[in-house]
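Please look through the model below before reading the comments. The points are meant to be checked against it one at a time.

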Amino acid sequence: MAYGPLPEIWFTDTDGNVDQDAIAHYRATHTVVAEWDCAPIGGDDLAPARPETARR
C-alpha cells in the first residue's frame, strides 16, 4: 500500500452502493480482485465497418 488504503469509491457501483463484502475482504487481506466486461454495449461483437481509404 504505497499510497495508503483505497477509498470506498473503489468498491462502489454505478448506483452509489458500496460492496460491503468486497471492502471487508480488501481490509482483511489488502488485495483487490476486479473484473469487467469489455464487450460492446448492445452485444454486437462485430466492429463497425471501416470506410475504404483513398490511395494517393
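The notes below go from the overall make-up to single residues.

1. Basis. This is a predicted model, in which local features need pLDDT of at least 70 and side-chain atom pairs count only at pLDDT 80 or more, while totals for chains, interfaces and linings use all residues. Residues are numbered from 1 along each chain as its sequence is written, and side-chain values use heavy atoms, with hydrogens and water left out.

2. Overall make-up. The protein has 1 helix and 0 strands (DSSP runs numbered from the N terminus: H or I of at least four residues for helices, E of at least two for strands). Of its 56 residues, 5% count as buried (buried is under 20% relative accessible area, exposed over 50%, partly exposed in between, with a 1.4 Å probe and protein chains only). The protein exposes about 5800 Å², and carbon and sulfur atoms supply 54% of that area (Shrake-Rupley method, 1.4 Å probe; for residues, only the protein chains shown count as cover).

3. Phe 11. This residue lies in the segment before α1 and counts as buried because its relative accessibility is 9%. Leaving aside neighbours within four places in sequence, Phe 11 is in contact with Leu 6, Asn 17, Val 18, Asp 19, Ala 22, Ile 23, Tyr 26 and Val 32 (contact is heavy atoms within 4.5 Å). The C-alpha atoms of Phe 11 and Asp 21 are separated by 9.3 Å, with the two residues 10 apart along the chain.

4. Salt bridge. The structure holds 1 salt bridge (a side-chain nitrogen of Lys or Arg within 4 Å of a carboxyl oxygen of Asp or Glu). Arg 27 forms a salt bridge with Glu 8, and the closest N and O atoms are 3.5 Å apart. Arg 27 lies in helix α1 and Glu 8 in the segment before α1, so the pair ties together parts that are 19 residues apart in sequence. Glu 8 counts as partly exposed, at 37% relative accessibility.

5. Asp 15. Where is Asp 15 found? Asp 15 is in the segment before α1 (20-29), and it counts as exposed because its relative accessibility is 65%.

6. His 30. Most residues other than glycine have a negative phi. His 30 is not a glycine, yet has a positive phi of about 60°. His 30 is placed in the segment after α1 and counts as partly exposed, at 46% relative accessibility.
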